[in-house]
Amino acid sequence: MKLPFETKWERNAAIVLVALWALLFLPNLRTNPNWYGDEGEWMEKCWTFIHGTPRIGPIVNDFIFPYAYPPLYMVVNGALLRVFGNDIVVGRALGAVTALAAGALLFWIGTRLRDKQFGFLCAAAFLVYSEANVNFRWVRSHPMSGTWALASVGFLVCYVQEKHLRDAAWAGVFCSLATATNYFTYPLVGAVVATVAVVNWREWKS
């Protein structure tokens with residue numbers, strides 16, 4: 001099995017990236033960033049969903065109207081809230097860990113597109129991006145959905161490069177997870193289908 005970090009430089013770079021993530025995303029989760037109004041709604045949606053009574057205040061949450069968000073994030077965050085307590089730090093910590101996963105995916109995608117140095121640059125650029133730091137530390141479904149979408153794109157890159165059907169299947173799986181987390185990723189469904197169709201059409205023509 002080929003290890004992802006084969007040289008001392010690569011191992012040290014990975015350690016630096018994880019340390020950078022910890023330094024930027026973990027401190028002061030309770031107070032920084034400042035409250036975002038939707039966080040209260042998301043905390044309530046997750047908490048009531050995991051207790052079997054999905055509501056937002058007096059409104060029953062049917063995941064379509066007036067809060068059009070599918071339930072996958074509510075399952076994950078709600079389960080964590082139930083285990084560790086109904087505390088905003090729990091939800092924000094989930095976002096921070098999701099940011100580390102997104103950075104790892106960007107490293108992987110960058111490596112597939114060029115080389116490991118480029119992969120490290122992609123991950124580092126994401127981790128130091130201030131908007132990513134703010135948005136991934138808020139309690140909301142968008143960062144998790146975007147991370148699933150990154151995984152789907154990564155497997156699409158693999159499929160275009162190597163033409164293995166398992167990569168197309170994994171792209172579809174992660175696309176489904178992204179859409180089950182946030183409906184805003186629905187265009188990715190068409191992108192996955194179109195990419196697979198174009199690659200197969202080119203293979204058939206050749």
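Okay, let's start with the cavity. In this predicted model, the largest cavity is lined by Tyr73, Gly91, Leu94, Gly95, Thr98, Trp138, Arg140, Pro143 and Met144. It holds about 40 Å³ of space, and the count of cavities of 30 Å³ or more comes to one. So where does the lining come from? α4 and α7, the latter being 142–162, each supply at least two of the lining residues, and α4 gives the most, with four.

Now, Phe136. Two of the cavity-lining residues, Gly95 and Pro143, turn up again among the residues Phe136 touches. Leaving out anything up to four places away in sequence, Phe136 also touches Phe25, Arg92, Ala96, Thr98, Ala99, Ala102, Phe126 and Thr147.

That takes us to the largest nonpolar core, which has 17 residues. Phe136 is one of those with the most contacts inside that core, along with Phe25, Ala99, Phe120, Phe126 and Leu127. The elements giving two or more residues are α1 (8–25), α4 (88–113), α5 (116–127) and α6 (130–136). Apart from this core lies another one, of 15 residues, including Ala151, Leu156, Val192 and Val199.

Last stop, α1. For its 18 residues, 1.5 Å a residue predicts a span of 26 Å, and the end C-alpha atoms are 26 Å apart, so that agrees. Which residues of α1 are buried? Glu10, Ala13, Ala14, Leu17, Trp21 and Phe25.

Definitions and conventions. Residues numbered from 1 in each chain as written. Predicted model: local features only at pLDDT ≥ 70, side-chain atom pairs only at ≥ 80, totals over all residues. Heavy atoms only, no water. Core = buried A, V, L, I, M, F, W, Y, C linked by side-chain atoms within 4.5 Å. Buried < 20%, exposed > 50% of the residue type's maximum accessible area, 1.4 Å probe, protein only. Contact = heavy atoms within 4.5 Å. Expected span 1.5 Å × (residues − 1). 1 Å grid on protein atoms, 1.4 Å probe; cavity = no way out; pocket = protein on both sides within 12 Å on 5 of 7 lines; lining within 4 Å. Points joined across faces, edges and corners; volume = space filled by probe spheres on them.
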